[in-house]
Amino acid sequence: MAAHSVLKYVRPRSIVPQLCRCTSTLSAFEIQHKTPTIKKVMPIPKAHYGGRHTVTLLPGAGIGPELMGYVKEVFRYAGVPVDFEDIDIDPNADNNDDLDYAITSIRRNGVALKGNIETRSTEAGVLSRNVALRNQLDLYVNVLHCVSYAGVKSRQKNIDIVIVRQNTEGEYAMLEHESVDGVVESMKVITRSNSERVARYAFEYAKRHGRKKVTTVHKANIMKLSDGLFLETSRAVAKDYPDIQHNDMIIDNTCMQLVSNPHQFDVVLTTNLYGSIVSNVICGLLGGAGLLSGKNYGNHYTIFEPGTRNTGTGIAGKNIANPIAMLNAAVDMLRHLGHKKHAVLLQDAINKTINKGVHTRDLGGQATSREVVDSILKYIKIAYN
Amino acid sequence: MALLVRNVCKVLSQATQKGAGVRTLHIGAVRHQDNFIEQQGKVKCTLIPGDGVGPELVLSVQNVFKAVNVPVEFEPYFLSEVNPTLSAPLEQVANSIALNQVCLKGILATPDHSHTGELQTLNMKLRRNLDLYSNVVHVKSLPGVKSRHQNVDCVIIREQTEGEYSALEHECVPGVVECLKIVTAVKSQRIAKFAFDYAVKNNRKKVTCVHKANIMKLGDGLFLQSCQEIAELYPKIQFETMIVDNCTMQMVSNPHQFDVMVMPNLYGNIVDNLASGLVGGAGVVAGASYSAECVVFEPGARHTYSEAVGKNVANPTAMLLCSVKLLNHVNLGRYAEQIRDALNRVLNDGKVRTKDLGGQSSTTEFTTAVINSLR
């Protein structure tokens, strides 16, 4: 008995379980068929020392690097106790070394702020890096809180919708093959366990944030088994939350309803691809890609990014990109890390800037990115004095 | 004019087609103003002068801060084990540190014999209370200070909540005393991760784990193994292991081979002091203790120098370096730079030196010299 316990002591379970096993050693078949599976992860203490957090920063492509520069500047100005570990991923590389290192870095920091990463390589073994990040870190839920800004001219006013999206499977399983020449099959994978996790997250979110209704968006009339399972699971979970109203809606109808009468929605629970569509529709209603921020949660790691996943390569380097989305993502990150004071401070400065009409071109204004950031810095200074 | 515009457009569109070009262009577009951006608002900081010469050194720091007009507000508490009647209650001090998240602290004297029969010292209680698990001592040669080795620059990271300092001792039979050394996987991994994260953040290349696992195969073995496991997460940082006796020898003969070092409690204490001796003694080395939430800056080698109390001869360099680190920690880098430069200038000139560095000047003279060379 004693010997047993001593043995256990000497050999504690390795905390580094098959650390994102280097994908380059796998065959193309294995990559397609084994990588989407959920990686088991064990908790590693977060990089949080003396009240300061270290956060992985993945600037990504397009406007990413310049937006990150603004985030750093605002953070330094407001005295936010967060340090960044910058990691560049080469978009042209034909192997996944940079990606593996980025994942390792997120595993040890626990939290990342990211732009959209480009994958230019067309090799079969090179995964879409955004998808690979989510899969390897098992970030199974994506949350997008869509709120209207009073100062932004948009098609619909006073929208307040939360989109909870399954983030790791469904159409993004990356299982495609050409069975016969000229016939390609793409698999959509829905599992009960993942559907239940994300449904439970949605209802739990609704409960904690005092929301009234959850709407499951699906296409179960056509995909009776896969989307059927998703719908059925969300109905089963809904039974545990009698205080929250639950209904479901088909994706095509949802898009129409969103455009004509978005106020009927509260929390929207949906699968991967539909989530992508729905969130882009709502962002369009609110004022474009430059405003909202998204959150990717797993059990151990979190990644914050702008809400719609565009690189904005066309406007890169022209000083006209809207920095608000990335700054909102940074504020979400501060909330998550528990730096409430700084989060509120930055949020106020951002809201004031938008509502006072300092808008970049995508919102119909004339301001440059620089002017928007300067305005935010000005409001931070006012708040401190 | 039109030609110019067209050319600019052309360059831009060309740049967008080439990945590398885009990246450099972006970085150029972002205006980095590191030196101009500074934190807004005031910072509150707990101050524990400590025993011995602590109050004199703290006064020196306060004078320098006043001269630079640093936006830091001190909240002083007198905490002492040798003078329990004057000491503020530990809870009060701990609460203040927990609230402010930063603290500047002198050294607390620890008597060899406990009056109350308690095994834990006040220092240990404070660390336990706030979970200040990691002690970082940055051993760096100072300009103008003559010592055995030049250009030493290493960081010693020490676990300070368990190991030999567990305060678990008992006499099982008269004449036989057992002292327990506790090593746990959780705390070993935590300190190892701290060391590696420190290395990443400060652009260091190597982490050396110092241990005695050849003798204490289970206890230090667990520490060593935890370090090895965490090292796998940091493929870009070199990892080495060294036995503590060899480490002390290497430290004295060739200290330049070390970068970041991580070790259990007692070894850390010994190596800290040894390394301080290499670069000029207890008066010139700064340290800090970290928990997840707060940080306490204190001199690296823990001596109260009580024989010099009131004589005005102690060297305030260590305490000033602590305050520089404190300012860097709370995003007041500009002030930190200013004070560090002034300090370096005074040390480099070598005209004003305290006794421990072979001079005749007093503490106040040294402080005045630093204030006068501020720019």
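I looked up the largest cavity and found a volume of about 60 Å³. A cavity here is a set of points, on a 1 Å grid over the protein atoms alone, where a 1.4 Å probe fits but cannot get out. The grid points are joined across faces, edges and corners, and the volume is the space filled by probe spheres set on the points. My search of the whole structure returned 7 cavities of 30 Å³ or more.

I then listed the lining of the largest cavity, where a lining residue has an atom within 4 Å of a point. Glu159(B), Glu162(B), Gly163(B), Ile182(B), Val183(B), Ser188(B), Phe223(B), Pro264(B) and Asn265(B) line the largest cavity. By class I count 4 nonpolar, 3 polar and 2 charged residues in this lining. Ala, Val, Leu, Ile, Met, Phe, Trp, Tyr, Cys and Pro are taken as nonpolar, Asp, Glu, Lys and Arg as charged, and the others, Gly among them, as polar.

**Basis.** I note that this is a predicted model, in which local features need pLDDT of at least 70 and side-chain atom pairs pLDDT 80 or more, while totals for chains, interfaces and linings use all residues. Residues are numbered from 1 along each chain as its sequence is written, chains are lettered from A and ligands numbered from 1 in the order in which they are written, and side-chain values use heavy atoms, with hydrogens and water left out.

**Strand S3(B).** I checked residues 102–105 of chain B, strand S3, and found both faces covered. Strands (E, at least two residues) and helices (H or I, at least four) are DSSP runs numbered from the N terminus. In a regular strand the side chains alternate between the two faces of the sheet. Val102(B) and Leu104(B) on one side, and Cys103(B) and Lys105(B) on the other, are all buried. I use buried for under 20% relative accessible area, exposed for over 50% and partly exposed for in between (1.4 Å probe, protein chains only).

Which strands pair with S3(B)? Strand S1 (residues 43–48) of chain B runs parallel to S3(B), with 3 bridges, and strand S12 (residues 295–299) of chain B is also parallel to S3(B), with 3 bridges. Pairing requires at least two DSSP bridges between the strands. Cys103(B) is the bridge partner of Thr46(B), and Leu104(B) stands opposite Phe297(B) in S12(B).

**Salt bridges.** I found 29 salt bridges over all chains, each a side-chain nitrogen of Lys or Arg within 4 Å of a carboxyl oxygen of Asp or Glu.

Lys188(A) lies in the loop between strand S8 (183–186) and helix H6 (192–208), and Asp227(A) in helix H7 (residues 226–238), so the pair ties together parts 39 residues apart in sequence. Asp227(A) is buried at 0% relative accessibility, whereas Lys188(A) is partly exposed at 21%.

Lys206(B) is in strand S8 (residues 206–211) and Glu240(B) in strand S9 (residues 238–243), so parts 34 residues apart in sequence are tied together. Lys206(B) is buried at 12%; Glu240(B) is partly exposed at 26%.

**Backbone.** Most residues other than glycine have a negative phi. I recorded a positive phi near 55° for Asn158(A), which is exposed at 65% relative accessibility. I also recorded about 65° for Asn312(B), which is partly exposed at 25%.

Terms used:
1 Å grid on protein atoms, 1.4 Å probe; cavity = no way out; pocket = protein on both sides within 12 Å on 5 of 7 lines; lining within 4 Å.
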